[in-house]
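Work through the exercises below with the sequence and the coordinates at hand, and try each task before reading its solution.

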Amino acid sequence: LTDRVQAALPPGSTIGILGGGQLGRMLALAAAKLGLKCHIYSDTPDSAAAEVAAASTIGAFDDLSKLGAFAASVDVVTYEFENVPVSAAQHLQTLKPVHPSPQALAVAQDRLAEKRFMQQHGISVAPYAPVDASASLSSAVEQIGLPAILKTRRLGYDGKGQTRLLSRNDIVSAHDRIGRQDAVLERMVPFSREVSIIAVRGAGPDGRLTEDFYDCPENTHRNGILHRSTVPAPLPRTDITAAREIARIIMTSLDYVGVLAVEFFHFDAPHGGPSLLVNEIAPRVHNSGHWTMDACGVDQFENHIRAVAGWPLGSTDRHSDAEMTNLIGVEIDQWRELLTQDPHILLHIYGKGEARPGRKMGHLNRLQPRSA
Ligand code: AMP
């Protein structure tokens, strides 16, 4: 593990970003503010990020010659979604620095590896059991109990690739619903709320790697998609400290540089376990950190860019309370009413063409004077 950061890239340098969604777009905008350029590598045309970036490549993540040309044109590589194949990140790492580490990608994109990683590092998760060709769903149900939630190991996001089991009668249909893929069965835990932490690891004032943390938002979902993040979450100080410590352990053991999001289930009342269980991590900037764009001097996107460029991290201090609301699908069509109703609304639109159901089209932040 390293504790020194790479030499800071001078303004005018180019950051390569794998993935072309709204997170890449907001990273590119933050980079532009610092005089850094971005080159977006995406496997789909017309990406939200390419529109605001200096350069873009459309290519598959297994196209080694395109990845090679991309690497040659950038000074450092990062990513904005966690389903970039680890092999692509590892290949790029032979050519240019890649942050966060491909190991972080490997842990985050496989729910079973992620849970095992947490346990190895003394971090609590909901009770779970692997389900694959050799371990049957009915014996996992035996072990974990009901109600439970069956999640595919890979490629699940926004509630996709998962299904709930309330009784043993659901076993066959649940397994069919996720296409009999390798999965984990998780006990449904009676949490009080969902919270997250946005953490960053990068250059501290003495040039060594250090960690910093934004305040924890409380997150609510609709149809499996994040609906709202409200900050600060009503967490006791001890739990805020615990959330930070968990993020710190994850980042240091993954040799991490950049922004990391950790999603938690939080319990107010004793439930026979710790008051925070890790649900999942995202090795990237995160939707539950979008409030930082307007409630903090240096937001998650700028701090991620600073970290991967080897620049000193900016303050994560929050000057306001904030509520972030996602605009999903046709909700984006309300932009004019929203702005008319309240001139204080801070609106962010991702410039995506078609407002398909479930598609993240934009978000809005509302600020209040800081309460605590
Ligand atoms: P995930 O894709 O793992 O974030 O799960 C999507 C949503 O399902 C979470 O945000 C929770 O609201 C709910 N959920 C997931 N796992 C559990 C669990 N073990 N117990 C209760 N609710 C869960």
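**Exercise 1: the setting of one alanine**

A199 lies in strand β9 (residues 193–203), where strands (E, at least two residues) and helices (H or I, at least four) are DSSP runs numbered from the N terminus. The model is a predicted one, in which local features need pLDDT of at least 70 and side-chain atom pairs count only at pLDDT 80 or more, while totals for chains, interfaces and linings use all residues. Residues are numbered from 1 along each chain as its sequence is written, and side-chain values use heavy atoms, with hydrogens and water left out.

Task: determine whether A199 is buried or exposed, and which residues A199 touches.

Solution. Begin with the relative accessible area, for which buried means under 20%, exposed over 50% and partly exposed in between (1.4 Å probe, protein chains only). A199 has a relative accessibility of 0% and therefore counts as buried. Next, list the contacts, meaning heavy atoms within 4.5 Å: leaving aside residues up to four places away in sequence, A199 touches D212, F213, A247, M251, G258, V259 and L260. For A247, which is 48 residues from A199 along the chain, the C-alpha separation is 6.6 Å.

**Exercise 2: aromatic pairs around F61**

Task: describe how the rings of Y41 and F61 are arranged, and which parts of the chain their pair ties together.

Solution. Rings of Phe, Tyr and Trp (its six-membered ring) pair if their centres lie within 6.5 Å, and planes under 30 degrees apart count as stacked, over 60 as edge-to-face and the rest as tilted. The structure holds 5 aromatic pairs. In one of these, the centres of Y41 and F61 are 5.6 Å apart and the planes stand at 45°, so the pair is tilted. Because Y41 belongs to strand β2 (residues 37–42) and F61 to the loop between β3 (55–58) and α2 (64–72), the pair ties together parts 20 residues apart in sequence. Y41, at 0% relative accessibility, is buried, and F61, at 9%, is buried. F61 also forms a tilted pair with F81, at 5.8 Å centre to centre and 45° between the planes. F81, at 27% relative accessibility, counts as partly exposed. Finally, ring pairs link Y41, F61, F70 and F81 into a cluster.
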